[in-house]
Every structure is written in C-alpha cells, then in structure tokens.
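Please examine the sequence and the structure shown below before reading the account that follows.

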Amino acid sequence: MIHTLTMPKWGLSMTEGRVDVWLKQPGDRVEKGEEVLDVETDKISSSVEAPFSGVLRRVLAQSDETLPVGALLGIVVEGEATEAEIDAVIDSFNAGFVSSSAEAQASGPSAQKVELDGRLLRYLDLGEGGTPLVLIHGFGGDLNNWLFNHPALAAERRVIALDLPGHGESGKHLHNGDAEGIEPGGAGVARSPQPRTRAPGWALHGRAGFADGGEPGAGARSVVGADRQRRPGRGYQR
C-alpha cells in the first residue's frame with residue numbers, strides 16, 4: 001500500500017509550514033507514531049509523526065522549503081510498490097491538490113481584534129452556550145498556546161483564547177507591569193451575552209484573571225492557574 005505523508009495542520013491559524021530537517025532517509029523503515037521530519041511554523045516547531053508503518057520511498061519536500069498545509073511531503077510504502085505506481089500516486093495527488101493559503105485560512109474561524117479600554121486585544125472565539133471560558137496564556141506566549149485544547153473545549157461551551165496586552169498581536173502599550181497592567185479584558189469580550197466567565201491561565205498570568213474579573217458578579221466566576229512545574233489546576237480559585 002502506498003501512503004502519502006502530508007504537511008499537518010497544527011491549530012486553526014496554521015496555513016503553511018517550513019521543512020526543517022528529515023529524521024528519516026529514503027529506504028529507512030518507519031513505524032507508526034515515529035518522528036519522520038521536523039517542521040517549523042511562525043508559532044511552533046514540532047515533529048511530524050508517521051500515521052502508518054512502512055518504508056520511506058520518496059522525500060518530496062526539501063529542507064528549508066515552505067509548503068501549504070496538506071502538501072505532499074513524502075511517500076511511505078507498506079509492502080511492495082513499483083516506481084511507476086509511486087509516480088502515479090504522486091501525479092494523482094498533485095493534480096487534485098489546491099495549494100491556496102486563502103482557502104486554508106477560510107477552512108476555519110480566524111482571530112479577531114477589538115478595542116477595550118483604549119487597548120487593542122486579539123482573540124479567537126469558538127463554540128457557544130454555557131458559562132464562557134477565557135483561556136489566558138503564560139508569559140511570552142499568545143492565544144496559540146491553546147491551539148490543541150481550544151476546539152475540544154469549545155465543543156460544549158463558548159471558549160475565548162486571547163493575546164494578553166503586550167503579547168502576540170494585541171496592543172503593546174501597558175499601563176504598568178503588574179497584574180492589573182496586563183489584565184486581559186477577556187471578561188469584557190465574553191460579557192455578551194453571558195456576564196460571567198471562567199478563566200484558566202498559565203503561571204503568573206493566571207493572576208491576571210483576578211484583575212480582569214473585577215468585583216464579584218462583574219467578571220470571572222473562577223480563576224485557575226496552572227504551573228508547568230507543578231500539577232495542572234493548582235493555583236487561584238475565586
């Protein structure tokens with residue numbers, strides 16, 4: 001059987017990836033779940049794992065080459081296949097593949113921007129119903145830190161991931177450097193139609209959820225901080 005190895009889509013905002021280095025070479029045996037090559041995006045760098053087992057017969061994407069999501073990277077053959085059969089699969093794939101970044105971007109929701117209290121805030125709003133959940137990233141991060149969790153969490157409720165002030169594509173101006181200065185405004189984004197939110201956040205920036213919550217009844221129903229060095233969920237509970 002001839003398998004096609006393609007550029008993965010890591011999160012809603014990813015439209016392309018740059019091939020960093022191949023970890024396997026043509027002729028190497030590849031096991032399902034084994035790392036085959038490293039890919040970089042403008043947000044993350046990770047390894048592409050083989051979704052099947054076989055022998056890597058063709059490497060079609062070269063190191064430092066940037067390709068759209070879904071593009072053909074390589075061919076893995078399980079069992080026997082002639083070179084002509086492999087060529088036919090490659091030709092058929094390329095004939096039906098549309099490498100349009102515009103279409104890739106249109107395949108899912110995109111982040112929006114809103115001005116709150118004189119500051120520009122970027123956020124991604126998914127799902128509906130239930131108590132809104134505002135996802136707060138850690139220091140130096142942005143809303144894409146939640147890209148693997150956001151869609152799953154939004155299956156049963158409205159979930160908003162955002163760039164804190166001074167991070168990502170949100171405004172860079174900070175009133176000051178304390179928690180109130182980086183408070184995300186997430187409760188303001190989520191306030192319509194529901195007035196109360198829950199706000200999990202990483203490490204120090206989980207504290208920003210308190211500033212964002214305001215007085216009881218005005219913002220966050222609960223704030224949970226998660227420390228990468230400790231067990232998730234340990235932190236502040238309002």
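**Basis of the description**

This is a predicted model, in which local features need pLDDT of at least 70 and side-chain atom pairs count only at pLDDT 80 or more, whereas totals for chains, interfaces and linings use all residues. Residues are numbered from 1 along each chain as its sequence is written, and side-chain values use heavy atoms, with hydrogens and water left out.

**Overall make-up**

The protein contains six helices and 14 strands; these are DSSP runs numbered from the N terminus, with helices (H or I) of at least four residues and strands (E) of at least two. Of the 238 residues in the protein, 42% are buried. Here buried means under 20% relative accessible area, exposed means over 50%, and partly exposed lies in between, with a 1.4 Å probe and protein chains only. The accessible surface comes to about 12200 Å², and 48% of this surface belongs to carbon and sulfur atoms. Such areas come from the Shrake-Rupley method with a 1.4 Å probe, and for residues only the protein chains shown count as cover. Among contacts between residues at least 6 apart in sequence, 62% join residues at least 24 apart, a contact being heavy atoms within 4.5 Å.

**Strands and their pairing**

Strands of a sheet pair through backbone hydrogen bonds, either parallel or antiparallel. Two strands are taken as paired if DSSP finds at least two bridges between them.

| Strand pair | Bridges | Facing residues |
|---|---|---|
| S6 and S8 | four | Arg58 and Ile75 |
| S2 and S4 | four | Arg18 and Glu40 |
| S4 and S5 | five | Glu40 and Ser45 |

**Nonpolar cores**

A nonpolar core is a set of buried Ala, Val, Leu, Ile, Met, Phe, Trp, Tyr and Cys residues joined through side-chain atoms within 4.5 Å. The largest such core has 20 residues, and Leu5, Met7, Val19, Trp22, Val36, Leu37 and Leu73 touch the most other members. At least two residues of this core come from each of strand S2 (16-22), strand S4 (35-40) and strand S8 (72-77). S4 supplies the largest share, three residues. A second, separate core has nine residues, among them Leu143, Trp146, Ala154 and Ala161.

Which residues does Trp22 contact, leaving aside its neighbours within four places in sequence? They are Leu5, Val36, Leu37, Leu56, Val59, Ala61, Ser63, Leu73 and Gly74.

**Individual residues**

Lys24 lies in the loop between S2 and S3. Is Lys24 buried or exposed? Its relative accessible area is 14%, so Lys24 counts as buried. The side chains of Lys24 and Glu34 are joined by a polar contact of 2.7 Å. A polar contact is a pair of N or O atoms within 3.5 Å; within protein, one must be able to donate a hydrogen and the other to accept it, and residues adjacent in sequence count only if both atoms are side-chain atoms. Not counting residues up to four places away in sequence, Lys24 touches Arg29, Val30, Glu34, Glu35, Val36 and Leu56.

Ser46 belongs to strand S5 (residues 45-49) and is partly exposed, at 32% relative accessibility. Ser46 and Trp10 are 36 residues apart in sequence, yet 9.4 Å apart in space, C-alpha to C-alpha. Leaving aside neighbours within four places in sequence, Ser46 is in contact with Trp10, Leu37, Asp38 and Val39.

Asp64 is found in the loop between S6 and strand S7 (66-68). Although Asp64 is not a glycine, it has a positive phi of about 75°. With a relative accessible area of 55%, Asp64 is exposed.
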